[in-house]
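Dear colleague,

I am handing over the structure below, and after it you will find an account of what was found. Please read the two side by side.

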Amino acid sequence: MFEWQRQIQQVVDEIDEEIKKQSNEDLTLANLSKRSGYSEFYMTRKFKAISGMSFRDYLRYRKLAFALKEVRDSEKSMLEIALNYGFSSHEAFTRSFKHTYGVSPSDYRKRPKPVVLRTKINPFDRYFLGLGEIGMMKTTEDLKIYFVTIPAHKFLYIKNYESNGYWDFWQKQNLISGQDQATICGLLDSIKGKLDDDGGSETNSGSGQVMAYMNDPKGRLCDWGFPRTECYGVRLPADYHGEVPPQMILTEIPEGEYLVFEHGPFNYEQENRSIEEQVEKAMAEFDFSETEYCYDTTTPGRILYFYFNPEQTWKYIRPVRKVLES
């Protein structure tokens with residue numbers, strides 16, 4: 001099964017690359033099956049078994065997700081966008097867009113709102129499959145540690161009082177109607193103006209989305225010694241006044257002081273565990289004696305942000321307070 005998940009992952013990666021190149025000629029099941037060395041029939045069965053949907057539906061949803069961001073952010077005509085993403089006409093694009101998102105492309109451009117985009121599936125994820133590292137290659141990148149003042153902003157998120165870690169968080173959320181990973185990541189992906197979004201047409205759950213831990217008296221006592229509630233969401237500007245999905249919470253986060261532990265890009269399959277150990281050790285052993293600060297583990301509502309993107313960073317942003325403050 002793992003080998004098939006790897007094969008489907010390769011197909012999924014190729015789909016995104018071809019969509020970004022807007023090279024629709026290669027985006028057929030026949031071509032992708034041929035490259036993998038399997039029949040269309042067999043590939044179709046395996047794709048649906050692993051992804052939960054047909055190849056044709058997944059391809060259509062992914063094209064629409066990329067197209068939606070062009071509708072939202074560009075001044076291209078609807079016909080140009082339609083043809084760029086493989087739709088036969090403006091009418092065909094409009095029908096598919098409205099059927100999927102409940103609003104026409106032209107109306108969405110005038111009044112963008114959160115909709116559920118089809119984020120990229122990742123059937124071969126070593127973390128979720130419990131495979132661990134395949135080697136012990138050590139990174140040559142240094143760990144950066146620095147203080148930072150983060151301006152006031154807003155945080156749009158869902159939360160879970162009982163979960164313990166990213167994997168467990170989504171296991172529990174997937175049991176709640178409307179709060180499963182695909183729905184939440186798809187909604188957050190569609191929101192414009194996220195502070196951590198690196199922009200472009202990329203459409204996946206790495207586009208500005210972060211795990212966070214909120215200091216909460218109702219939360220579970222964590223290994224770091226304070227009660228926390230696990231959250232997942234996006235940071236937004238302080239003046240954000242967009243629509244809030246009904247299953248989410250929008251909270252104002254005041255300006256505050258933080259201590260950042262940041263590691264650069266790393267090889268996920270070979271370094272994930274060792275990077276985690278390195279960062280955790282650095283946080284546990286950090287010497288505050290020559291500073292005015294300590295970790296803020298007592299102020300309810302303060303948020304610890306966790307950024308995880310092997311191609312860019314592993315980063316914890318932990319709230320601190322001055323030692324003399326009450």
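By about how much of a helix are R60 and D57 separated in helix α4? Being three residues apart in helix α4 (residues 55-73), R60 and D57 are separated by about one helical turn, where helices (H or I, at least four residues) and strands (E, at least two) are DSSP runs numbered from the N terminus.

Some remarks on the source come before the rest. This is a predicted model, in which local features need pLDDT of at least 70 and side-chain atom pairs count only at pLDDT 80 or more, while totals for chains, interfaces and linings use all residues. Residues are numbered from 1 along each chain as its sequence is written, and side-chain values use heavy atoms, with hydrogens and water left out.

As to the chain as a whole, it has 11 helices and nine strands, and 48% of its 326 residues count as buried (buried means under 20% relative accessible area, exposed over 50%, and partly exposed in between, with a 1.4 Å probe and protein chains only). Among contacts (heavy atoms within 4.5 Å) between residues at least 6 apart in sequence, 73% join residues at least 24 apart.

The structure holds 13 salt bridges, a salt bridge being a side-chain nitrogen of Lys or Arg within 4 Å of a carboxyl oxygen of Asp or Glu. In the bridge between R60 and D57 the closest N and O atoms are 3.7 Å apart; R60 is partly exposed at 24% relative accessibility, and D57 is partly exposed at 29%. The side chains of D196 and R235 also meet in a salt bridge, at 3.0 Å from N to O. Because D196 lies in the loop between α10 (181-190) and β3 (209-221) and R235 in strand β4 (residues 227-237), this pair ties together parts that are 39 residues apart in sequence. D196 counts as partly exposed at 23% relative accessibility, whereas R235 is buried, with a relative accessible area of 12%. R302 forms a further bridge with D296, with 3.3 Å between the closest N and O atoms, and both R302 and D296 are buried. R72, D73 and K192 are linked in a network of salt bridges.

Turning to the rings, the structure holds 24 aromatic pairs; rings of Phe, Tyr and Trp (its six-membered ring) pair if their centres lie within 6.5 Å, and planes under 30 degrees apart count as stacked, over 60 as edge-to-face and the rest as tilted. One of these pairs is formed by F155 and Y157, which are stacked at 5.0 Å centre to centre with 15° between the planes. The rings of F155 and Y305 have their centres 5.4 Å apart and their planes at 75°, so this pair is edge-to-face. The pair links distant parts of the chain, with F155 in strand β2 (residues 153-160) and Y305 in strand β8 (residues 303-309), 150 residues apart, and both F155 and Y305 are buried.

A single aromatic cluster is formed by Y213, W224, F266, F306, F308, W314 and Y316. Within that group, W224 has the charged end of R228 over its ring, 5.3 Å from the centre, and R318 lies over the face of W224 at 4.4 Å from the ring centre (a charge sits over a ring if NZ of Lys or CZ of Arg is within 6 Å of the ring centre and within 35 degrees of the ring normal).

With kind regards
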